[in-house]
Amino acid sequence: VVRLKGGDPTVFARLTEEIEPVRRAGLGVEIVPGITAALAAASAAGVPLTSRDSASNLTLVTGHAARGKGDHCDISEIAKLPGTIAVYMGVEQIGLWSRQVMEAGRSGDTPVTLVSRCSWPDQRVAATTLAACASDAEREGWCSPAVLLLGPAVTPVPQGPLDGRLVIVTRPAGQEGEVAALVRAAGGECLHVPVLRIAPPDDMGSLDAALHQLGSYDWIVFASTNGVRGFLDRLRVAGLDGRSLGTARLAAIGPATKRSLEDGGYVCDLMPGDYRSEGLVEAFADLHRGSRFLLVRAARGRDVLRRALEAAGHVVDEVAAYQSVAVERLDPATERLLEAAKFPWLTVTSGAIAEAGVRLFGARIRNWRIASLSPVTSAAIRRFGLEPTVEAAEATAAGLVAAIVAHERGLSTELVPSA
């Protein structure tokens, strides 16, 4: 039996009440140490709890102590201690304990940092003072669970250009990591809401046939990381490996696809400077006629490369290694988070994601700022009557986040509408 608790089970968590009956029953107990909420909240908000110059002490106290019901703790006496005070469960009784702390001698100008729903996508960090914290909490609707940090050392550290910004990442499960890491490195918060899921194609026949004649191709071209994964997975299912490729050379549409090939143990021979189908068309422009191509892609997608290669006299086989299936509905918890979000950023990295996102998010999407990965993606967004706020200069995760950061910093990110 696992009893999972937030924070550390030994701090304001009724450990004794829960563990004694178990011990009386003769059951073994293992406690896994956790990080108590005050430490987690301080780190999440970039707030130092101690300072060599002004706060060498840290006191943890529960805001419910102000009630005087069962807690052998006098918050007015604690307020006289030097250093930083971390108040757990402090929102409900904020007016009472903040007044008691000031009556005990703490200045009303004492800095207070509130961290609500620490480390969740809707985490809120607010800076106020001891005198104003009660009225601010009521006006701003601060909610539990929350930790309030007060004292001379609690001035928040600057978080970055996306501090206070929520970015909704819409890529399929398992593929959000790079964008999310870059957003968090810039001080922002991420909410991962996949609008598509990746599934095998309905018909594997064409892919299976191609796998048994890989050595006949001059080039095998991958249009996405999902194509690489689907191709290599099916190769293993067929009992084949890299030897089946013969002398075929490998091309990837962009850096992420190239990394997927390399992660699978394959060398990428070509990657265009322009990370889209048009870039591959240009890269193969000088190739002699009659080359044999295998294009590995989604079950549905653009056929720009196939048409261009066939027009240039090449032989092209096109196979689906996966399909994107639209997510049908949002779960209730995600719905609540989206309703509470104020002017978030929405990342859109493909036409399929644009289509699925418009259907899934509904009218609220018109109040959000949209970050587009490429001109092709922007054109797909505009087909739904929406205008991207920014467009990545380079069709990569880094380019996408850089465009959002540039907009937040007030740099020029104007888009030229497609013809």
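## Starting at the end of a helix

Which residue takes a positive phi just after α13? That's Gly-362, with a phi of about 70°. Keep in mind that this is a predicted model.

Helix α13 itself spans residues 351-361, and its buried residues are Ile-353, Ala-354, Ala-356, Gly-357, Leu-360 and Phe-361. What sits over them? The cover includes the strands β6, β8 (196-199), β12 and β13 (345-348), along with the helices α12 (332-340) and α14 (375-382).

## A strand covered on both sides

Strand β6, one of the elements covering α13, runs through residues 166-169 and has both of its faces covered. Leu-166 and Ile-168 are buried on one side, while Val-167 and Val-169 are buried on the other.

Next to β6 comes β7 (residues 189-192); the two run parallel and are joined by four bridges. Within this pairing, Ile-168 has Leu-191 as its bridge partner.

## Two separate cores

The largest nonpolar core holds 25 residues, and those touching the most other members are Leu-214, Ile-220, Phe-222, Phe-231, Leu-261, Leu-294 and Val-296. Elements that each supply at least two residues of this core are α7 (205-211), β9 (219-222), α8 (225-237), β10 (249-252), β11 (292-298) and β12 (315-326). Helix α8 gives the largest share, four residues.

## A strand with two partners

Strand β3 (residues 111-116) is mostly covered, with five of its six residues buried. It pairs with β4 (residues 124-129) through six bridges, running antiparallel, and here Leu-114 stands opposite Ala-126.

β3 is also antiparallel to β5 (residues 146-150), with five bridges between them. In that pairing, Val-115 stands opposite Val-147.

Phe-12, Ile-35, Leu-39, Leu-58, Leu-60 and Met-89 make a nonpolar surface patch of about 500 Å². One of them, Met-89, lies in the loop between β2 (84-88) and α4 (94-103). Met-89 counts as partly exposed because its relative accessible area is 36%.

Technical notes
Residues numbered from 1 in each chain as written. Predicted model: local features only at pLDDT ≥ 70, side-chain atom pairs only at ≥ 80, totals over all residues. Heavy atoms only, no water. Patch = residues over 30% accessible without salt bridge, like charges linked within 9 Å, V, L, I, M, F, W, Y side chains within 5 Å. Areas by Shrake-Rupley, 256 points an atom, 1.4 Å probe, with all protein chains shown as cover. Salt bridge = Lys/Arg side-chain N within 4 Å of Asp/Glu carboxyl O. Buried < 20%, exposed > 50% of the residue type's maximum accessible area, 1.4 Å probe, protein only. Core = buried A, V, L, I, M, F, W, Y, C linked by side-chain atoms within 4.5 Å. Pairing = 2+ DSSP bridges. Contact = heavy atoms within 4.5 Å.
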